[in-house]
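Please keep the sequence and the model in view while reading.

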Amino acid sequence: MTPSEPVAGSAARPPVVAIVGRPNVGKSTLFNVLVRARRAIVDDTPGVTRDRVVAPATHAGRAFLCVDTGGLSSEPARRAGEIAAGVRAQALRAVAEADCVVCVVDGPAGLSPEDRETLRLLRRSGKPLVVAVNKLDTPARDALVADFYAAGVERPIGVSAAHGRGLDVLRDAIVATLPAGPGEAPAAEATRIALVGRPNVGKSSLLNRLLGDERTLVTARPGTTRDAIDTPIAAGGRSYVLIDTAGIRRRTHVKDPLEGHGAVRALGTLTRTDLVLVVLDATEGMTEQDARLVGRTRAAGRGCILLANKWDLVPPARRDPDAFRERLVAAHGAFASLPLLCVSAVTGEGLGALWPLVARVEQAYEVRLGTPELNRALADAVSSRPPPSPGGRALRFYYATQTGRRPPAITVFANVPDAVPAAYTRYLGARLAERFRLIGIPLDLRLRARRATERRPSRPRPPRARRAR
């Protein structure tokens, strides 16, 4: 497997601010306010956040990364369940990697024994600590800050994440603890890659394998991941952001409202990603739900790679990638042109080919096509298979030009664009994609009538002869 280097933790990264605290104190609400985006799921149910959710934030000219974490319970790991223990481990790792820790406490609830234990734990970490006393929604509640001096907090800051009170003071306090030097936000040009798929197909396991780190919580229970988890990574000399998402299944099968929230967030990532890795279960092949997700990806105009995960669980007699592709294409012919890798998150098999393939799809996604080459390709396609003549009227294609990128859009000017059959339009798109090796991307081919100003000028008529009188 080709090694990849996580960006987080490198010297070039901006400072990291971890937001921790016991369950249901408002960490995710505060996180969303600090990053000025609804990136973490917020619900009154305790324990909604499980993985580390990362997003960039800025204040007073300083850039930093905010990390939302799950509830940091003081219950010993031996008594906690599998998920609770995993959430605690993820939160502690966030603290270990942070340059500043914001401990969020519930003002109206007062100082609890769990808060005391959490604050003791954070002080032992040696990291700069800011305590945010949350839910002080009105000035009448500001006096509740005093309760937390009893835990040895030097300067607790009263805030209301829900109502925007005290946030500038909190931001000032955070920035004051950050290491000297200008923080730099993650590179804007980094390609964003989302992992989507049904529950329990191994998206989080794949993410952890690619990162070489237990970045997200993995259990055998479907629906473990709820938020969309962004993680910067460098591979092949390029910068990427991998986005792990919640499993998406048919709405009629969703009973838990939080699972529904996670699925909506997962589909929402299609609007802010460039490429999508649609993860399949290799032991099941492509299901109808998988096909729907691929269709949503292509309709959103995103590059797409199919990853058949759990290849290590396929019986040896059936472990033939070519035969697997043939079965997939036979059932879903519309996806015949999509690149496919058979991989295993457990063993790493097949993942060595992923980053070179990502680079090819990325190149196709951002391609610039020269007009002369494009028109030669169009002429060859029309010559190889002339268009039909609907109603006896000949169809003519005058010229083509690229009119968009990410994904590439090509406009072809024709005499009667509305009369061109959809099948022939698909043929032209397929031929152009094949000619320019545009794999894994939905080529946007548009037909338009030639404007009057672009029509070839007619020959001037000879002057009429004057009649003799």
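Predicted model: local features only at pLDDT ≥ 70, side-chain atom pairs only at ≥ 80, totals over all residues.

## Helix packing and burial

Helix H1 (residues 27-35) packs against helix H4 (residues 167-177) at an angle of about 80°, and the axes of the two helices are 12 Å apart. Since angles of 65 to 115 degrees count as roughly perpendicular, H1 and H4 are therefore roughly perpendicular to each other. On the H1 side the contact is made by Leu30, Val33 and Leu34, and on the H4 side by Leu167, Leu170, Arg171 and Ile174. Sorted by class, the residues in this contact of H1 with H4 are six nonpolar, no polar and one charged.

A second pair is formed by helix H10 (residues 371-384) and helix H11 (residues 422-435), whose axes come within 10 Å and cross at roughly 130°. That angle makes H10 oblique to H11, and the crossing of the two helices is right-handed. H10 contributes Leu374, Arg376, Ala377, Leu378, Asp380, Ala381, Val382 and Ser384 to the contact, while H11 contributes Tyr424, Tyr427, Leu428, Arg431, Leu432 and Arg435. The residues of the contact of H10 with H11 comprise nine nonpolar, one polar and four charged.

The two pairs are set out together here.

| Helix pair | Axes | Angle |
|---|---|---|
| H1 and H4 | 12 Å apart | about 80° |
| H10 and H11 | within 10 Å | roughly 130° |

Within H7, the residues Gln289, Asp290, Ala291, Leu293, Val294 and Thr297 are buried. After H7 comes Gly301, which has a positive phi, near 75°.

Is Trp355, in the model, buried or exposed? Trp355 lies in helix H9 (residues 354-365), and because its relative accessibility is 6%, Trp355 counts as buried. Although Trp355 and Gly236 are 119 residues apart in sequence, their C-alpha atoms are 7.0 Å apart in space.

For the chain as a whole, the secondary structure comes to 11 helices and 16 strands, and 49% of the 469 residues count as buried. Among the contacts in the chain with a separation of 6 or more, 70% are accounted for by residues 24 or more positions apart.

Conventions
Residues numbered from 1 in each chain as written. Heavy atoms only, no water. Buried < 20%, exposed > 50% of the residue type's maximum accessible area, 1.4 Å probe, protein only. Helix = DSSP H or I, 4+ residues; strand = E, 2+ residues; numbered from the N terminus. Axes fitted to C-alpha atoms, helices over the stretch in contact; angles between N-to-C directions. Parallel < 35°, antiparallel > 145°, perpendicular 65-115°, else oblique. Left-handed = near helix turned anticlockwise from the far one by under 90°. Contact = heavy atoms within 4.5 Å. Nonpolar A, V, L, I, M, F, W, Y, C, P; charged D, E, K, R; others polar.
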